[in-house]
Amino acid sequence: MEFPVFQFSYLGSGMVIGLDAVLHVIISHGLAIGAVSFIVISEYLGLVKASRDWEAFARDFLKFTIIITTGIGAITGAGIWLITSALSPRGIGSMLRIFFWPWFSEWIVFTCEVIFILIYYFTWSRWVRERKLKHIYLGMMYVFLAICSAWLITGILGFMLTSDGWPWAKSFWPAFLNPSYLPQLLLRIGMAFSLGSLFSAVFLLFTRREGTFRIEALKLFGKAALISFSATAVFAWWYFSVVPSTFKTHAVFAVLTSRFSQQPEIFWYVNCAGAIMLFTFSLVSMRSASALAKILIIPALLVSIGFVGEFERIREFIRGPYLMPGYMYANQVLLDETPFFNKEGIVKNDPWLTMSPDNQGIAALGAGLFARNCSACHTIGGINDIAKKVDGRTVDGIFVILAHTHEMAPFMPPFSGTEDERRTLAGFLYGLSKGTVKEHTPSRFAPAHAHGGGTHE
Amino acid sequence: MNRLSDLLLEKPLPDALLRGLLFTSFTLHLLFVLLTLGTAILSVHYFIDSHCGGRPKELRFDNRILKTFMAHKSLAVVLGIAPLLLIQVGSTIPFFTAVNFFAPYWMLLVVFLIIAFLGFDALGHKIYVHRYLHFAVGVLALALLLVVPGIFAAILTAFENPGRWQAIMNGGYRLTGVLAVHWLFRYLHILGAAVVFGSGFHYFFIAADDTERKSLQTWFVAGILLQFILGILLYGLLPERPGYIITAFLLVGIVAAAILLWAVFSVVSKNRPFNIRLVLPLLLLVLVSMLLTRQFIQDRTLLPLQKRLEANAIAYGNELKPFERQTLDTYGASLKVVYDNGETIYSRSCSFCHGEKGDGKGLEAKRLTTPPEDISAIRTTRRYLHTILAGGVSGSAMPYFTVFDRYKLDRLIDYLDKKYSIVRVPEPLPVKISDALFQQAGKIYDETCSLCHGSDGRGSALSKGFQPQPPDFTVYSLSPERTFDVITNGYPGTTMSPFGSLTADVRWGLVKIVHEKRGQ
């Protein structure tokens with residue numbers, strides 16, 4: 001409880017981080033790794049075939065890609081970190097300590113990556129003829145560094161689902177090279193080339209006229225898409241086969257949510273339809289049917305973005321109660337702290353709540369307990385609205401349920417606090433559901449009416 | 001506040017190394033931040049100066065300036081990663097706390113930076129637009145970009161003043177009084193430095209003729225003068241007397257800046273160009289010494305605080321120690337639990353109320369005003385059971401279980417049915433009822449029970465407002481004994497009151513009537 005709380009109104013923490021992260025993944029995988037790889041290949045083809053079309057395509061596509069990757073990709077990537085710093089400081093703070101050196105190495109790799117792509121971009125028209133091959137090596141070097149970035153970050157992401165022996169041994173290497181590490185890395189590279197081939201096809205179909213070059217290039221991107229999709233599917237299967245069943249069993253729910261969980265067929269239908277869509281597009285492209293490909297490409301791109309979103313959602317959701325399995329719950333309470341707070345109380349061990357003015361009213365205490373226990377996933381009045389979740393329950397029902405959240409819904413963390421605190425929270429939640437407690441989302445502790453700092457310590 | 005503690009995980013590198021890396025990487029980052037800001041300011045200025053693009057585009061100075069934006073901003077962003085990482089590891093509590101105070105603005109950084117970067121890069125990379133649109137995009141991008149150092153300045157101001165956290169919190173998460181003034185001067189100080197570095201860079205690397213150089217000279221000199229004034233104002237706001245180290249660094253910076261100013265004036269008066277070999281080292285010396293001054297001012301407050309936080313963290317860790325073993329054991333065991341079968345789901349999600357034996361006597365049953373149902377007594381249909389599981393019983397503790405998908409709930413229903421055979425019609429009555437009694441009971445049902453349960457057993461219009469509502473007798477029943485029990489004793493916490501005053505025979509008659517509604 002080292003930090004004050006900030007709750008993101010309406011969307012909630014998870015959704016804000018998720019939206020930013022998915023946008024980042026689409027750009028960092030699809031453009032920074034995938035598209036640039038195809039740009040380098042196109043440039044190479046321009047050289048060996050002495051084709052001005054390939055050369056010009058590569059150059060124009062690079063301009064688009066570099067503006068998007070350095071403008072949106074880099075910022076949304078740092079954005080995941082910036083946003084979690086505000087919404088989940090204890091989680092990110094702890095992760096930074098465990099993975100300091102990969103993070104620091106990532107800084108060096110990332111800096112080199114940017115320097116390489118800038119040189120690659122700015123020397124395009126100067127390194128020509130006999131220096132052209134060198135220029136292509138620059139591009140390859142960039143792609144290699146971009147994959148190194150993925151290599152470093154994936155260890156950290158994998159840890160958040162499969163921390164394996166870390167909670168016991170607390171040693172770095174098993175945490176970094178956790179069981180889902182390799183399959184996830186390959187899966188991400190597969191995703192990068194899948195998205196990259198689709199982005200290349202979009203750029204091709206919408207900026208190049210009908211003609212032999214377009215047909216030739218479309219064939220290549222179609223073939224690349226087919227191989228990438230197949231590889232991605234295989235790696236996805238491998239990835240999910242190493243995820244422990246205790247987490248994996250919630251995958252369908254992760255996608256469907258409470259709203260559709262009683263029609264689970266939807267999950268299979270939609271995923272199959274999406275996969276068929278993608279393979280159809282790649283076959284159409286390979287058959288050089290460029291008019292049909294132009295119709296299919298935008299839906300295909302949207303489907304692939306949907307798959308990316310689905311994968312990230314599943315991965316983030318099924319780790320369920322944990323932010324760092326075996327160490328910290330999703331609500332940033334340490335596993336060790338729950339029994340401690342159950343005995344000693346969470347409110348008095350929360351310096352920020354005790355510091356906040358107006359901290360003694362039942363609504364303020366209830367809101368404080370909500371903030372610490374629930375607000376990582378639930379909002380008041382927004383997405384995953386807690387008032388709707390408890391609506392219909394009796395106050396004693398809420399009181400009992402709060403004691404068993406982690407058993408009843410296995411992806412929820414347990415309540416941390418004494419029985420009295422649990423009763424306070426139950427009363428607060430019941431009041432919310434009945435509309436008697438009129439608390440608009442308390443983004444922070446004790447909405448500061450500036451009562452002159454009534455600390456009770 | 002004295003109870004705040006650091007995180008429990010140890011720091012991954014020694015403090016001295018951390019501080020050295022932080023200073024170095026921060027200086028590099030700041031250098032490119034200043035170039036980015038300076039480039040943005042100057043590009044918009046020279047665009048307006050060119051009659052908003054009225055001059056031929058190949059000649060336009062703003063266009064050549066803006067071309068460098070992509071490199072500056074990309075490097076500023078990546079170089080920012082290391083200082084952010086190091087400050088979050090080295091001064092975890094102060095930094096995250098300060099971020100938290102300004103959380104909405106901090107998160108807006110993402111949006112502002114994206115719009116500003118896309119705007120400038122689009123304008124700088126041959127995406128030609130009408131000049132009014134160019135003007136609008138440029139001004140918007142600049143405005144958003146200039147907000148960014150303002151947010152960072154606010155966060156660093158809060159970061160360096162842990163003594164004011166309570167005041168910031170009570171004041172509605174705003175900087176007030178001296179802190180607000182400090183923030184303003186600091187912010188302007190960053191912009192001043194941006195002008196100096198930006199004009200310096202473009203003077204040496206982009207300007208193509210004397211007119212352009214002359215113009216940048218003016219910016220450069222004005223920037224340095226502004227920095228002197230803002231520096232003095234900031235110095236005046238220092239809360240206590242600075243120590244010798246701080247004064248020494250400050251003096252070095254001031255002397256270097258003064259020499260720089262003198263050198264600049266002397267070449268300007270002789271109408272000669274600046275010498276990069278003189279200007280660049282002096283500029284960097286000013287930057288480094290001023291940043292060192294800042295660093296040491298900050299350390300005076302934060303180093304002792306950090307010591308205290310770490311001591312508190314050790315004490316707190318010791319308080320948690322006794323729970324560690326048990327916690328890890330529980331965690332290890334929980335990894336083996338998979339909610340993919342009826343038995344697990346029942347024992348984890350249901351039994352704490354309904355009991356291990358399904359008798360409604362779970363651990364928590366006595367805390368509930370509406371007691372959990374004895375599951376073994378339920379006689380219902382699959383569909384109705386699913387409705388209850390997926391929708392809960394409003395007005396009771398029974399929640400909805402859509403957290404489990406349909407496949408899982410089906411397995412749960414299979415499990416319950418196998419164990420208690422609940423998907424069926426109720427068994428025959430254990431007693432015999434005479435026709436007369438049955439008719440008497442029927443009369444009572446019509447006169448009394450049907451008011452709520454409805455003559456068809458599906459619940460009357462009146463009962464639709466009840467919390468909880470009566471069950472639908474056509475699809476849901478309880479075993480004869482349990483039904484008899486409910487009629488006799490009522491159902492606590494619901495509208496169903498006890499009818500024990502009726503004779504037992506009549507009550508059995510009512511059981512029969514209720515059960516006969518099944519399937520109708």
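## Exercises on a predicted model

Chain A exposes about 17200 Å², and carbon and sulfur atoms supply 67% of that area. Keep in mind that you're looking at a predicted model.

**Exercise 1.** Work out how the radius of gyration of chain A sits against the globule rule.

*Solution.* 
- Start with the make-up: chain A has 20 helices and 2 strands.
- For the outline, the C-alpha trace spans about 80 × 45 × 45 Å along its principal axes.
- Now look inside: 63% of the 457 residues are buried.

**Exercise 2.** Classify the ring pair of Tyr239(A) and Phe311(A), and say which parts of the chain it ties together.

*Solution.* 
- First, the general idea: you describe two aromatic rings by the distance of their centres and the angle of their planes.
- The search of the whole structure turns up 67 aromatic pairs.
- In this pair, the ring centres of Tyr239(A) and Phe311(A) are 5.5 Å apart.
- Their planes meet at 75°, and over 60 counts as edge-to-face, so that's the class here.
- Tyr239(A) belongs to helix α9 (residues 212–242) and Phe311(A) to helix α13 (residues 290–318), so the pair ties together parts 72 residues apart in sequence.
- Finally, check burial, where the cut-off is under 20% relative accessible area: Tyr239(A) has 1% and is buried, and Phe311(A), with 8%, is buried too.

Notes: Residues are numbered from 1 along each chain as its sequence is written. Chains are lettered from A and ligands numbered from 1 in the order in which they are written. This is a predicted model: local features need pLDDT of at least 70, side-chain atom pairs count only at pLDDT 80 or more; totals for chains, interfaces and linings use all residues. Side-chain values use heavy atoms; hydrogens and water are left out. Helices (H or I, at least four residues) and strands (E, at least two) are DSSP runs, numbered from the N terminus. The radius of gyration is taken over C-alpha atoms; the globule rule is 2.2 Å times the number of residues to the power 0.38. Buried means under 20% relative accessible area, exposed over 50%, partly exposed in between (1.4 Å probe, protein chains only). Accessible areas come from the Shrake-Rupley method with a 1.4 Å probe; for residues, only the protein chains shown count as cover. Rings of Phe, Tyr and Trp (its six-membered ring) pair if their centres lie within 6.5 Å; planes under 30 degrees apart count as stacked, over 60 as edge-to-face and the rest as tilted.
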